[in-house]
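Reader: I have a chain here and want to go through it with you. Can we start with the side chains and move on to the fold?

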Amino acid sequence: VADTHNDRVVRWTRGSACGEVVAGGRGRGDRLDQLNRPVGLALDSPGTLLIADSGNHRVLRWPIRPHGLRTTDSRRGKRHASAT
């Protein structure tokens, strides 16, 4: 779910009482780990989440991970997200 006013994407699993923040949720901003009014989501064929980040005028490609979408590359300390 694109949680526009909280600048995050939340995944809800069937039967769950609460959702899991999978993208954003680090305050409004323009870094790759932040969102600014996400308004739409899509999945491409390899299973990458596409996030329409309206406040930043960009589309982010975010790889899906089993326990959330946020992952850190320990070699570089950067998120595995990219602006397209």
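Reader: Is Arg 28 buried, exposed or partly exposed?
Author: Arg 28 is partly exposed, with a relative accessible area of 46%. Keep in mind that this is a predicted model.

Reader: What does the side chain of Arg 28 meet in a salt bridge?
Author: The side chain of Asp 7, at 3.2 Å from N to O.

Reader: And where do Arg 28 and Asp 7 lie?
Author: Both are in loops: Arg 28 between strand E3 (20-24) and strand E4 (38-43), Asp 7 between strand E1 (2-3) and strand E2 (8-11). The pair therefore ties together parts that are 21 residues apart in sequence.

Reader: Is Asp 7 buried or exposed?
Author: Asp 7 counts as buried because its relative accessibility is 7%, and the cut-off for buried is under 20%.

Reader: How many salt bridges does the count come to?
Author: Seven. One of them joins Asp 33 and Arg 31, at 2.9 Å from N to O.

Reader: How accessible are Asp 33 and Arg 31?
Author: Asp 33 is buried, at 11% relative accessibility. Arg 31 is partly exposed, with a relative accessible area of 45%.

Reader: Which residues do salt bridges with shared partners join into one network?
Author: Arg 26, Arg 31 and Asp 33.

Reader: What about Arg 58, which strand is its place in?
Author: Arg 58 is in strand E6. Its side chain meets that of Asp 53 in a salt bridge, 2.7 Å from N to O.

Reader: Are Asp 53 and Arg 58 buried or exposed?
Author: Both are buried. For Arg 58 the relative accessibility is 13%, so it falls under the 20% cut-off.

Reader: Which backbone oxygens does the side chain of Arg 58 reach?
Author: The backbone oxygen of Asp 30 is reached at 3.0 Å. The backbone oxygen of Gln 34 lies 2.8 Å from a polar atom of the Arg 58 side chain.

Reader: Switching to strands. In what sense do E5 and E6 pair?
Author: Antiparallel, over six bridges, with E5 covering residues 48-53 and E6 covering residues 58-63. Within that pairing, Leu 49 has Trp 62 in E6 as its bridge partner.

Reader: How many residues are between E5 and E6 in the hairpin?
Author: Four. In the turn, His 57 has a positive phi of about 55°.

Reader: Which strands form the open sheet?
Author: Three strands do, in the order E1-E2-E3, and their pairing is antiparallel. E1 and E3 are the edge strands, each pairing on one side only.

Reader: Over how many bridges do E1 and E2 pair?
Author: Two, in the antiparallel sense. Ala 2 stands opposite Val 9 in E2.

Reader: Now the whole chain. How many helices and strands are there?
Author: Zero helices and nine strands. From the N terminus on, the elements run β-β-β-β-β-β-β-β-β.

Reader: What share of the chain do buried residues make up?
Author: They make up 32% of the 84 residues. The chain exposes about 5300 Å², and carbon and sulfur atoms supply 50% of that area.

Reader: And what share of the contacts is from residues 24 or more positions apart?
Author: Such residues account for 34% of the contacts with a separation of 6 or more.

Methods
Residues are numbered from 1 along each chain as its sequence is written. This is a predicted model: local features need pLDDT of at least 70, side-chain atom pairs count only at pLDDT 80 or more; totals for chains, interfaces and linings use all residues. Side-chain values use heavy atoms; hydrogens and water are left out. A salt bridge is a side-chain nitrogen of Lys or Arg within 4 Å of a carboxyl oxygen of Asp or Glu. Buried means under 20% relative accessible area, exposed over 50%, partly exposed in between (1.4 Å probe, protein chains only). Two strands pair if DSSP finds at least two bridges between them. A polar contact is a pair of N or O atoms within 3.5 Å; within protein, one must be able to donate a hydrogen and the other to accept it, and residues adjacent in sequence count only if both atoms are side-chain atoms. Contact means heavy atoms within 4.5 Å. Accessible areas come from the Shrake-Rupley method with a 1.4 Å probe; for residues, only the protein chains shown count as cover.
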